[in-house]
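Morning, everyone. I'll take the strands to begin with, then the nonpolar cores.

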Amino acid sequence: MRMWTFALVRLAGLLVVALCAGVLFGHVVAWLLLVISLYLAWQLVNLNRVDHWLRLRSQLDPPDLGGVWGDVVAQVVRLHRRKRYHKQRLVQLFRELRRSTAALPDGVIILSGAHEIVWFNRRAAALLGLKRPVDVGLRIDNLIRVPEFVQYLRAADYATPLVIRPPVGEESWLELTLVPYGAGQSLLLARDVTRQMQLEAMRKDFVANASHELRTPLTVISGYLDTLADDPAIDPSWSGPIRDMRAQAQRMNAIIADLLELSRLESAEGEAPRDPTDVPRMLERMQRDALAGADRPRHVLLALDSQDGLYGAGHELESAFSNLLVNALKYTLSDGTVRMRWWSDAEGAHFAVTDTGIGIPAEHIPRLTERFYRVDAGRSRDRGGSGLGLAIVKHALQRHGGHMTVESEVGKGSTFTCHFPKERVLTAGAAAAALAAAGGR
Ligand code: ADP
């Protein structure tokens, strides 16, 4: 501010001098004009020096100007320095960011709203066989043409990562996760999960092989136990232990059968086949078998609200439904009721088993489908449970695009419901046509 006062005082002083000179020597106006012109010229010279310096700022030192002009130059120098400092910091930050993303053990690809590649790191290039700069700007689904990936990109739900065989390296497995951000952009993360997949396969093979190997010795033991049980020459004091041994052998057989069924379901890749399956007849058969069994709840009811069937693997569906029915029979007292219901609606088809049994505490419900998970291990074992039944149900349903819901109240009973999507439903009309065609053949 002081600078401006000084400049104004100086201008006023010059005008006063011009005025005095005019009064002394005559021609006041001419003197005033002369002084103003000189003042203006001096300002123009200063302006020119500042302009010249601004143009060649990187090569020249700032001009040595006093007063208001000096202040302006000092401010420009300050601004310039600050800008340079921020620019350097940004460049440094950007370099560090690039170095760290390049060093990431996972592949990172930035995709535009139209799924075009904007940028990718070195690991992504190696994992997916991308090349810079030719692949930048191309749509990612033109480069990774695996149908599951194309479907995954189109779906709006990216919560579960997708595991695929990559376009390069046939022997490996890649896990891809899409993370949307900003205005329609997304990050595609790629991780090599070959080792995990190999371990998983080894685990599955091990369980399947071990179960298979145990089967033969167990059949032999069961055979001898059956013979011993029927042998009148055996001391009667042995009949109790032999009965127990037979029951345990039967349990082991059931566990092995469940383990084999589960590993078969797990190793079956992709979706279940789409064979026309007559669900109402299957359920009627299951009801008849349940009623024929000993020590069952008094009422085993079946409500067929629909005659629709399903497109699926008959054996897997039967295994899922009968596991639910067997559980309901197992955990319901003999004066209780077990109700099966089959119906379809706009969403698809549904199968529910409701019992008036012991029920399940709410905190256990989310974990029921885990392998060997039992609410009450002792009780389940007493009733011949392996803890694998619901895991089998979950896998079988998943292979049909379905899922299971559970409602239960301790002491009142439980309802297990299987839901199947519309595209798996074989409508009653289509089922009749399929049956007629099969009969005509
Ligand atoms: P299990 O062979 O032991 O029955 P499942 O996987 O079929 O194994 O079931 C897991 C657990 O869920 C069971 O141990 C039991 O505690 C509980 N459960 C399953 N169905 C019912 C039911 N209908 N009523 C009460 N509890 C049930």
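**Strands and cores**

Start with β6 and β8. Strand β8 covers residues 309–312, and β6 pairs with β8 in the antiparallel sense over three bridges. Pairing here requires at least two bridges found by DSSP between the two strands. Strands are DSSP runs of E, at least two residues; helices are runs of H or I, at least four; both are numbered from the N terminus.

A word on the basis. This is a predicted model, where local features need pLDDT of at least 70 and side-chain atom pairs count only at pLDDT 80 or more, while totals for chains, interfaces and linings use all residues. Residues are numbered from 1 along each chain as its sequence is written, and side-chain values use heavy atoms, leaving out hydrogens and water.

Back to the sheet. Proline 276 stands opposite tyrosine 311 in β8. The sheet is open, with three strands in the order β6-β8-β13, paired antiparallel. β6 (275–277) and β13 (425–426) are the edge strands, each pairing on one side only.

Now the cores. A nonpolar core is a set of buried Ala, Val, Leu, Ile, Met, Phe, Trp, Tyr and Cys residues joined through side-chain atoms within 4.5 Å. Buried means under 20% relative accessible area, with a 1.4 Å probe and protein chains only.

The largest core has 40 residues; Phe321, Leu324 and Phe351 touch the most other members. α10 gives the largest share, seven residues. Domain 3 (197–267) and domain 4 (275–440) both contribute, so this core lies between them. Those bounds come from an automatic or database domain assignment.

A second, separate core has 23 residues, including Leu127 and Ile164.

Terms used
Buried means under 20% relative accessible area, exposed over 50%, partly exposed in between (1.4 Å probe, protein chains only).
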